[in-house]
Amino acid sequence: MYELNWTVLFIRDGVEEYCSGVYELNEGINHITCDLPRCTIKRVTAEIPVKTVFRERIFMNGYQTWTYCPEYTRNSRIRGLNGLPQTLIKRYKLDGYSDYHFVNYPWLLGIVHGFSWCHFRNKDQVRLFASLDETPGYTMFSYLTRTNALVAERDCENIETEGSYPIFDLFVAQGSEQEVYDAWFDALPQKRIEAPKLYGYSSWYNRYQSISEQAIRQDLAGCRSIFQPGDLFQIDDGWEPFVGDWLEEDRAKFPGGLKKLVDEIHDSGFQAGIWLAPFVAETKSRVFKEHPDWFFRHEGEMFCCGCNWSDFYSLDIDNPEVQDYLRRVFDKVFNTWGFDLVKLDFLYGAAPYGTANETRAGRMIRAMKFLRELCGDHPILGCGVPVMPAFGLVEYCRISCDVSLDWNDKLHMRVIHRERPSTRNAIANSISRRSLNRRAYLSDPDVFFLRTENCGLICWHRSMRCLGVSFLPAMILLPIRKK
């Protein structure tokens, strides 16, 4: 069906060598391997001739759940941090949020890239190229319109190996969207964890970190008149003293403690949910100040994941003390406070790099399995996580960036990374990643705004009506509950 030309560049005894070959890529499962001497891999690449036509749409899955990734055209390009001053990137740690620290963004017309799977859509016909196993390294796809080539690269630089090596594990299919995605997920070893649809409330998008016992009780009283028994009431960021310090509440905000609030949520007939970012800690936290040895280091340097809060850094999931700390955290969340569900955020922080014995993707998958172990049967809502490593390990998962209180966030925010808050981008991702829903997990498209105050979408709608346009943004028109 397709001819795949592969090359492996490696170092043996200090000398660069390579091996290459041709593989006939057929529909269905394709396991492509080669025998290697004891060596260090530098690069694994392949090129597949894939012709496209003018009207064909190209989807390249973004690195993590927040990454903006609509369907592109043959002449699209993806803007990374190109053109931003290095002082700005360094000050706000913009390269920590996604793949910017290890992927080249050429920002040229006709070049788009993504992770784990991609498809080409011509009317109702879809050609799918997808990974079956990311443990040996992320499968990174790029499409080059100028040469009509789909380039695949295994993210496995500096891995030490010997013997048979899995160059690529690919699934190829052609047909309708439903046919190709059903076939891919049937072939994957990861199977969806069955879970019911979930409706409910989050404290984030109105109060953000400015929450308190009084505010939560006020919102809970309002939810009693809106939601139904079994719905979710989730306390979001702001309950903890600092991000990373999860064993105690901020007693200034919650003098009565979380256990009493959870009891009130349960007495109201709702499930109780809580937000955590288990793999990171901010610089103001006790964890950061008292346990500098708990943090992941690459070439001797800690990895900064971004500028949220007071800047936040990756914890080392291989540190036994970190593992013990997280076990105590989740034990308290479920068994002392009594929460039913956890929203786990900024999960990409677990694996910014790999090691000589484990790829970046392999580390991320292992981190997600660790969370599954810690949570047992309690549902997980994943967020800020590389997409495919979450398959089959969480009941619910975000598929987009955070929505913003207006259509597309502030003007100066539109020039930064692809993971920024944006209602427009969130809707686009909900459409482009729709095939994940009920296959990988139940997809979370983030929230609906059901208020008129503190919401620029309403102002946008009113301005459109003044211009004679009589429609509402999709975020408001979508049905809230469908039984």
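The structure is a predicted model, in which local features need pLDDT of at least 70 and side-chain atom pairs count only at pLDDT 80 or more, while totals for chains, interfaces and linings use all residues. Residues are numbered from 1 along each chain as its sequence is written, and side-chain values use heavy atoms, with hydrogens and water left out.

**Overall fold**

The secondary structure of the protein chain comes to 11 helices and 23 strands, where helices (H or I, at least four residues) and strands (E, at least two) are DSSP runs numbered from the N terminus. The radius of gyration is 23 Å, close to the 23 Å that the globule rule gives for 483 residues, so the chain is as compact as a globular protein of that length; the radius is taken over C-alpha atoms, and the rule is 2.2 Å times the number of residues to the power 0.38. Along its principal axes the C-alpha trace spans about 65 × 60 × 45 Å.

Of the 483 residues, 55% count as buried, a term that stands for under 20% relative accessible area, with exposed meaning over 50% and partly exposed in between (1.4 Å probe, protein chains only). Among contacts (heavy atoms within 4.5 Å) with a separation of 6 or more, 72% come from residues 24 or more positions apart. The chain exposes about 21100 Å², of which carbon and sulfur atoms supply 51%; accessible areas come from the Shrake-Rupley method with a 1.4 Å probe, and for residues only the protein chains shown count as cover.

In helix 5 (258-267), the residues L258, L261, V262, E264 and I265 are buried. They cover an arc of only 160° around the axis, which puts them on the same side of helix 5; the arc is that of the directions from the helix axis to the C-beta atoms. The cover over these buried residues includes helix 4 (213-224), strand 13 and strand 14 (271-276), whereas K260 and D267 are exposed on the face turned away from the buried side. Helix 5 is followed by G269, whose phi is positive, near 95°.

D236 lies in the loop between strand 13 (232-235) and helix 5, and at 2% relative accessibility D236 counts as buried. The side chain of D236 makes polar contacts with the side chains of S202 (3.4 Å) and Q234 (2.5 Å). A polar contact is a pair of N or O atoms within 3.5 Å; within protein, one must be able to donate a hydrogen and the other to accept it, and residues adjacent in sequence count only if both atoms are side-chain atoms. Not counting residues up to four places away in sequence, D236 touches S202, S203, W204, I211, W275 and K343.

**Aromatic pairs**

The structure holds 38 aromatic pairs. Rings of Phe, Tyr and Trp (its six-membered ring) pair if their centres lie within 6.5 Å, and planes under 30 degrees apart count as stacked, over 60 as edge-to-face and the rest as tilted. Two of these pairs are tabulated here.

| Pair | Centre to centre | Angle between planes | Geometry |
|---|---|---|---|
| Y63 and F102 | 5.6 Å | 75° | edge-to-face |
| F312 and F346 | 5.1 Å | 80° | edge-to-face |

Y63, in the loop between strand 4 (57-60) and strand 5 (71-72), and F102, in the loop between helix 1 (86-92) and strand 6 (111-115), are 39 residues apart, and both are buried. F312 lies in strand 19 (residues 312-314) and F346 in the loop between strand 20 (341-344) and helix 8 (360-375), so their pair ties together parts that are 34 residues apart in sequence. F312 counts as buried at 0% relative accessibility, and F346 is buried with a relative accessible area of 6%. Ring pairs link W66, Y97, W239, W246, W275, W309, F312, W337, F346 and Y348 into a cluster.
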